[in-house]
Amino acid sequence: MFSRIFRKAFGLILVAASAQQAMAQATPTAKPVSFIRDIAPLFKENCFGCHGSKNPKGKFDMTKVESLRKGGTKEDPIVNGKPDESHLIDVLKATDVSRMPPKETGAPLSAGKIALVEQWIAEGAKVDQGLDVKTDLLKELRKLWSPPAILGKYAFPVSVTALVFTPDGKQLVTSGHHELCVWDVATGTLVKRVSIRSRRAMALTYLPDGKLVMAGGRPGEEGDVSVYDLSAPPARQENNIPVLNGVSDPKVLVKRLLEADDEVECLSVSPDGKKLAAGGCDRLIQVWDISAGIPQAKLTDTIENHADWVFSVAFFPDNNRLGSASRDKTAKVWDLKAKESIATFPEHQNPVFGVIVKADGSACYSVGDDKQVRAWNLTGDQGAKQIRAMGGAAGSVLKVIQHGKEPWLFSAGADTKIRLNDREKGDQIREFAGHKDYVLSLALNPAGDLLASGGWDGEIRLWNPKDGKLTKAFNASPGLQVSAPVAKP
Ligand code: HEC
């Protein structure tokens with residue numbers, strides 16, 4: 001239930017306010033039609049969902065020109081120069097069950113869009129110069145896409161889907177709309193902005209060398225794992241705040257490690273700093289060897305161990321095993337050396353949003369849609385046994401983090417509260433109340449004496465974890481003008 005909201009709603013916020021690139025003009029034009037600019041986006045929007053490269057309906061894969069022209073189980077649905085003889089146009093115009101997209105998925109294509117496809121076929125159904133017929137059109141469309149400029153002043157609050165303290169603990173980096181925002185912890189003021197390609201960051205973590213890794217993307221469109229150097233010089237100022245160009249300045253964007261077909265949700269750096277793992281909506285976990293530095297990073301493993309989106313990954317202290325949590329209702333443990341799954345923890349029986357591993361490796365803690373924080377350990381032989389469940393939350397628990405010295409677990413989610421439990425005894429030690437909306441992100445500073453939480457409504461709160469006192473609150477949306485209510489579909 002919640003994971004659907006998790007996906008949909010995050011994407012809605014700010015879409016209205018963003019300077020999204022205009023969709024391909026969907027009416028006949030005086031100019032020749034361009035396949036990649038005019039037709040491919042239309043197919044992507046209306047057809048790729050069923051005619052993608054994985055298990056396409058009617059074995060008809062429309063994501064490459066070559067397979068588009070093969071026509072799946074039928075023959076080439078296009079007759080060059082002759083829209084009236086092209087089966088593709090027949091199915092777009094059909095009024096019976098043969099109509100594409102099928103009736104159950106909604107309205108037919110508009111007359112303007114159909115006329116555009118007809119014009120393209122009438123002009124010979126040509127593909128743009130240089131476009132190979134074997135090229136993945138999704139990749140090609142991503143190349144043509146560029147992120148909108150960052151907003152001078154936000155008209156809507158942006159959800160804080162990820163946040164992290166800088167290694168010196170003095171600043172807090174938060175996810176914005178196509179940007180990262182850097183705040184001074186002592187004053188709660190904005191000190192730096194970094195424009196990025198991703199619409200939102202879903203995970204942020206610092207590497208031992210002081211570079212920042214971000215996982216994110218655009219839901220349903222692309223996934224991104226990139227490494228940034230926030231100490232690089234700014235490209236310009238916006239309302240007197242320095243703005244770094246993390247989109248194309250190689251001093252800021254040190255390396256893009258991954259381009260995926262869907263959003264990346266999570267990251268983990270191994271305790272020895274030599275490995276980086278990421279997981280996302282393509283169900284995959286990727287692991288890089290970063291021991292020779294980020295420029296020399298090498299993808300070593302692509303793990304397909306979950307049947308649905310991967311929301312969380314966490315290294316064990318042995319730098320070899322990797323815990324993961326998924327929408328497929330399980331948490332799992334993977335052995336990198338043996339290259340096999342060594343345990344499955346099914347007790348949540350609901351999507352699992354977060355997993356962490358105790359510093360000595362003797363227990364894992366996972367949270368999910370079942371409103372529980374569950375402690376469990378490995379029993380060998382594929383087994384994972386629950387030690388205890390920690391209830392108390394009135395809604396989905398989305399995040400769990402642990403303290404470096406104290407036996408403390410912090411968890412938070414849909415009921416707006418943050419709970420602190422004793423990891424060993426399970427008791428709730430205290431509750432941090434005050435957020436007015438879902439809490440989506442949590443982080444502790446390196447010293448462990450400041451807790452940051454980020455909300456759906458853009459609210460950042462800084463707390464003293466020892467007594468639960470609020471030390472600061474501010475909204476993470478630069479120059480927010482109107483405090484509009486945030487719609488949750
Ligand atoms: C909701 C899923 C869905 C969407 C969206 C969809 N299709 Fe299909 N399409 C199908 C299925 C299912 C078949 C297979 C029918 C069969 O094998 O009998 C099919 C078959 C086809 C065929 C093969 C011809 C035929 O008569 O079987 C063509 C051509 C086609 N689709 C074009 C399109 C185009 C163009 C779009 C986008 C405008 C589109 N489809 C969107 C589900 C979909």
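Helix α4 (residues 87-93) contributes the most to the shell around the ligand, giving 3 residues. Helices here are DSSP runs of H or I with at least four residues, numbered from the N terminus. This is a predicted model, in which local features need pLDDT of at least 70 and side-chain atom pairs count only at pLDDT 80 or more, while totals for chains, interfaces and linings use all residues. Residues are numbered from 1 along each chain as its sequence is written.

**Around the ligand**

- The ligand is surrounded by 20 residues, and the closest are Cys47, Cys50, Lys57, Gly58 and Met100.
- By class, the shell holds 10 nonpolar, 8 polar and 2 charged residues. Ala, Val, Leu, Ile, Met, Phe, Trp, Tyr, Cys and Pro count as nonpolar, Asp, Glu, Lys and Arg as charged, and the others, Gly among them, as polar.

- The axes of α2 (residues 35-46) and α6 (residues 137-144) come within 11 Å and cross at roughly 120°. Axes are lines fitted to C-alpha atoms, for helices over the stretch in contact, with angles running from 0 to 180 degrees between N-to-C directions.
- That angle makes α2 oblique to α6, since angles under 35 degrees count as roughly parallel, over 145 as roughly antiparallel, 65 to 115 as roughly perpendicular and the rest as oblique.
- In α2, Ile36, Ala40, Pro41 and Lys44 meet Leu137, Leu138, Glu140 and Leu141 of α6 (contact means C-beta atoms, placed from the backbone, within 7 Å).
- This contact has 6 nonpolar, no polar and 2 charged residues.

Key:
A residue is near a molecule or strand if its C-beta atom, placed from the backbone, lies within 6 Å of it. Helices (H or I, at least four residues) and strands (E, at least two) are DSSP runs, numbered from the N terminus. Two residues are in contact if their C-beta atoms, placed from the backbone, lie within 7 Å.
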